[in-house]
Structures are given as C-alpha cells and as structure tokens.
Amino acid sequence: MSNEPITLTAGDAEVTVLPGNGGRIGGLRVGGTELLRQGDRFGCFPMVPWCGRTRDGRFRDGGTVHQLPLNSPPHAIHGTARDGAWRTARTTTDEAVITYDLVEPWPYPGRVTQAVALTPDTVTLTMSVETYDSSFPAQIGWHPWFNRNLGGEDVELAFSAAWQEERGEDHLPTGKRLDPRPGPWDDCFGMPGGVDVKLTWPGQLELTVASREEWVVLYDEQAEAVCVEPQTGPPNGLNTAPRLVTPLEPLEASTTWSWRRL
C-alpha cells in the first residue's frame with residue numbers, strides 16, 4: 001500500500017500519520033487545537049532501532065563492533081527509521097498500522113511495525129521490532145514535540161521519578177544515578193513502575209504520557225516545545241542496556257497519551 005498521509009478521527013480528536021516522513025505523527029488536534037509542534041522534523045517520530053545518542057556511533061554485538069553514521073556528531077542519534085519512508089499495512093477511521101524494513105546503515109535485517117489507535121480521549125502508539133534472521137540489540141521509543149503554549153499559559157510538567165541519570169559533558173549517562181533535579185532538562189529519568197508524566201496547559205488541557213517502560217527522556221530546552229520520550233532503555237542503551245530481538249522474541253513497546261479538558 002502507499003505511504004500517503006493518513007487522518008484518523010474519534011470524537012473531536014484527529015491524528016495525522018505520516019508514513020512517508022519517518023512514520024511520524026504529524027499532528028494531534030483536540031477540539032481543533034493542535035498539541036504537537038508542526039514541521040517536517042517535529043510532530044512525534046519513532047526512535048528505532050535505538051533511542052537518543054549512541055556513543056561515537058558505535059555499538060558492540062558479541063565480538064563485532066558496528067559503526068553508525070554520526071548524524072549528531074560525535075554521536076549517532078534517534079535511530080534510522082525516522083529518516084525512511086514507511087508503508088501503510090492497513091487503516092480504518094480510528095486506527096492505522098504502518099511498517100518499515102530496517103536497511104543500511106543498520107547492519108541487521110528486520111521489520112518495524114507501528115500501530116496508532118485513536119479514541120475520543122486517548123491515542124495509543126504500539127511498536128514492535130522483529131527479525132527472521134540474525135538476533136540483534138535494539139531499542140524502541142517515541143519523541144513527541146508538545147507545543148509549550150496552546151494560546152494561554154505555558155505547559156507545566158509533573159512527574160515522580162526514582163532517579164535521574166547523571167549526564168556527562170557528552171550528553172550521555174555516566175552510569176551514576178542521582179536524585180531527580182529541577183529543569184531545564186535534556187535528561188533521562190527512571191520510573192520502575194512505568195512512565196507517567198503529566199503535562200498541564202492551565203485552564204485548557206491536561207495530558208498524561210504513560211508507558212509500561214521504565215525510562216523517559218525529558219527535553220524542555222527549546223522555547224517552542226517540550227518533549228516527553230518514553231523508551232525501552234536509556235541513551236547509549238545499545239551498549240549499556242541492550243534489549244535483544246530474536247527470531248522467537250520480538251521487542252515490543254507502547255505508550256498511551258490520555259487527555260481531559262480543564
């Protein structure tokens with residue numbers, strides 16, 4: 001099937017899925033108000049087969065060291081699937097399933113499937129990575145750019161984390177865990193009970209980002225948007241906390257955004 005844009009609707013919620021632009025969510029409108037920053041690089045893109053920065057673009061799989069392109073020198077960042085064209089597998093009025101085949105520069109064959117399911121007050125994103133060939137380490141995550149301002153007061157973030165990964169000068173976790181610190185952030189937090197972050201635009205909307213995964217990166221150093229990124233491991237996780245994709249066991253993760261009017 002094609003990679004043309006897909007529009008999903010449920011109640012007064014509308015989601016635009018852009019298979020041809022990295023499988024990203026191009027927009028989420030609630031009652032006509034756009035929640036995601038607009039632009040080809042923004043919306044919400046899938047991070048796969050790794051999340052955040054991989055140190056020097058290198059990761060080890062057994063005795064083999066693989067080199068990835070340094071698209072955020074000196075590191076490789078956010079995977080390869082956001083740069084590719086996905087294809088539509090099926091779609092209804094409120095659900096879409098799109099796929100992406102892993103190709104060079106990722107060194108292993110595999111397939112990524114992403115499902116987007118919309119209800120009047122939630123959107124659920126589910127992603128899986130599977131292989132019918134060699135096993136390989138991988139990560140799954142999402143990188144939404146939520147508009148900081150919807151026309152009223154700026155958004156407020158609320159969350160409770162068990163720890164914050166200490167960030168080195170190279171923007172990668174040092175391996176040391178700290179008590180959570182106040183922002184601004186470009187930092188990874190641990191939530192062993194699952195990701196649960198609340199965004200509140202005072203007097204307008206409250207939105208909760210939830211996931212069974214225990215890692216989330218918060219990024220709020222830009223004036224236009226804030227990012228709440230649930231993922232299956234920390235930055236540089238291909239090296240420090242790899243999750244193995246095997247022919248018998250795919251890697252799967254999901255996140256749900258739920259909202260209510262204030």
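This is a predicted model: local features need pLDDT of at least 70, side-chain atom pairs count only at pLDDT 80 or more; totals for chains, interfaces and linings use all residues.
## Basis

Local features need pLDDT of at least 70 and side-chain atom pairs count only at pLDDT 80 or more, while totals for chains, interfaces and linings use all residues. Residues are numbered from 1 along each chain as its sequence is written, and side-chain values use heavy atoms, with hydrogens and water left out.

## Thr99

Thr99 sits in strand β11, which spans residues 95-102. Strands are DSSP runs of E, at least two residues long, numbered from the N terminus. Thr99 counts as buried because its relative accessibility is 15%; buried means under 20% relative accessible area, with a 1.4 Å probe and protein chains only.

Contact means heavy atoms within 4.5 Å. With neighbours within four places in sequence left aside, Thr99 contacts Trp86, Arg87, Ala89, Arg111, Val112 and Thr113.

## Glu206

Strand β21, residues 205-211, contains Glu206. Glu206 has a relative accessible area of 15% and is therefore buried. Leaving aside neighbours within four places in sequence, the contacts of Glu206 are Lys198, Leu199, Thr200, Ser258, Trp259, Arg260 and Leu262.

## Ser2

Ser2 belongs to the segment before β1 (6-10). Its relative accessible area is 38%, so Ser2 is partly exposed, a class that lies between buried (under 20%) and exposed (over 50%).

Not counting residues up to four places away in sequence, Ser2 touches Arg87 and Thr88. Arg87 is also among the contacts of Thr99. The C-alpha atoms of Ser2 and Gly32 are separated by 27 Å, and the two residues are 30 residues apart along the chain.

Note on methods: Helices (H or I, at least four residues) and strands (E, at least two) are DSSP runs, numbered from the N terminus.
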